[in-house]
Amino acid sequence: MHQFTAVLAGRDAVGQHTKGVDQVLRSLGCEVENFAAKVNSDSTLTAHHFTDHDQFPVPDLILYQLSTGSPVGEFVLDHPTRLVLNYHNITPAEAFDPWEPAVGAELDMARRQLARLVHRASAAIADSHYNAAELTAFGLDDVAVAPIIVRPSSRLAGDGAARDTD
């Protein structure tokens, strides 16, 4: 399986969940590779730049940790491998537009990508019933609800600055 995320950070819920999914799958004997557009220095999970994906064997499944707009979303949209979404919600862009317009634009992109991703995905995991209802409203029928995997007591080293994975 190949797991994708826009940004892999150790100190946020999506980053911790991505690492948790990696650990669970490996403990079950699955081969997992992780891919991201950016890996923060506080992440303890190894990930490759998503554009290096073609250097790895074709997986049986792609799991996309969706929480924001990203070139990674476009990449998984165009990839022919079976896709499952793990949906972490998209904050409305209006919450950021007045103070962080670049973040607002990223969230608008995420909303547009979500509308297309639900038609490309064969199934989804939502971290709440609210998020599951949103996916169902977009037209995806096979949606399971499962909580995120987070260890809030973990202390991670690093300054949290984003870096390219190249």
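Predicted model: local features only at pLDDT ≥ 70, side-chain atom pairs only at ≥ 80, totals over all residues.
Which residue's side chain meets Glu74 in a salt bridge? Arg116 does, at 2.5 Å from N to O.

Residues are numbered from 1 along each chain as its sequence is written, and side-chain values use heavy atoms, with hydrogens and water left out.

**View 1. Arg116 and Glu74 form a salt bridge.** A salt bridge here is a side-chain nitrogen of Lys or Arg within 4 Å of a carboxyl oxygen of Asp or Glu. Arg116 and Glu74 are separated by 2.5 Å, N to O. The pair links distant parts of the chain: Arg116 sits in helix H3 and Glu74 in helix H2, 42 residues apart. Helices (H or I, at least four residues) and strands (E, at least two) are DSSP runs, numbered from the N terminus. Arg116 is partly exposed at 40% relative accessibility. Glu74 is also partly exposed, at 30%. The cut-offs are under 20% relative accessible area for buried, over 50% for exposed, and in between for partly exposed (1.4 Å probe, protein chains only).

**View 2. Helix H2 meets helix H3.** The axes of H2 (residues 71-78) and H3 (residues 101-120) come within 10 Å and cross at roughly 25°. H2 is therefore roughly parallel to H3. Axes are lines fitted to C-alpha atoms, for helices over the stretch in contact, and angles run from 0 to 180 degrees between N-to-C directions. Angles under 35 degrees count as roughly parallel. From H2, Gly73, Glu74, Val76 and Leu77 take part. From H3, the partners are Gln113, Arg116, Leu117 and Arg120. By class, this contact of H2 with H3 has three nonpolar, two polar and three charged residues. Contact means heavy atoms within 4.5 Å.

**View 3. Arg111 and Glu134 form a salt bridge.** Their side chains meet at 2.1 Å, N to O. Arg111 lies in helix H3 and Glu134 in helix H4 (residues 129-137), so the pair ties together parts that are 23 residues apart in sequence. Arg111 is partly exposed, with a relative accessible area of 28%. Glu134 counts as buried, at 16%.

**View 4. Arg26 and Asp22 pair within helix H1.** The closest N and O atoms of this salt bridge are 3.0 Å apart. Both residues lie in H1 (residues 13-27), four residues apart, about one turn of the helix. Arg26 is partly exposed, with a relative accessible area of 43%. Asp22 is buried, at 4% relative accessibility. The count for the model comes to four salt bridges.

**View 5. Asn86 is buried in strand E5.** Strand E5 spans residues 83-87. The relative accessible area of Asn86 is 3%. Asn86 touches His17, Leu63, Tyr64, Gln65, Leu66 and Ile125, not counting residues up to four places away in sequence. Thr44 is 42 residues from Asn86 in sequence and 20 Å away in space, C-alpha to C-alpha.

**View 6. Ser70 is buried in a loop.** The loop runs between strand E4 (62-66) and H2. Ser70 has a relative accessible area of 4%. Leaving out residues up to four places away in sequence, Ser70 touches Ala6, Ala37, Tyr64, Met109 and Gln113.

Technical notes:
Parallel < 35°, antiparallel > 145°, perpendicular 65-115°, else oblique. Nonpolar A, V, L, I, M, F, W, Y, C, P; charged D, E, K, R; others polar.
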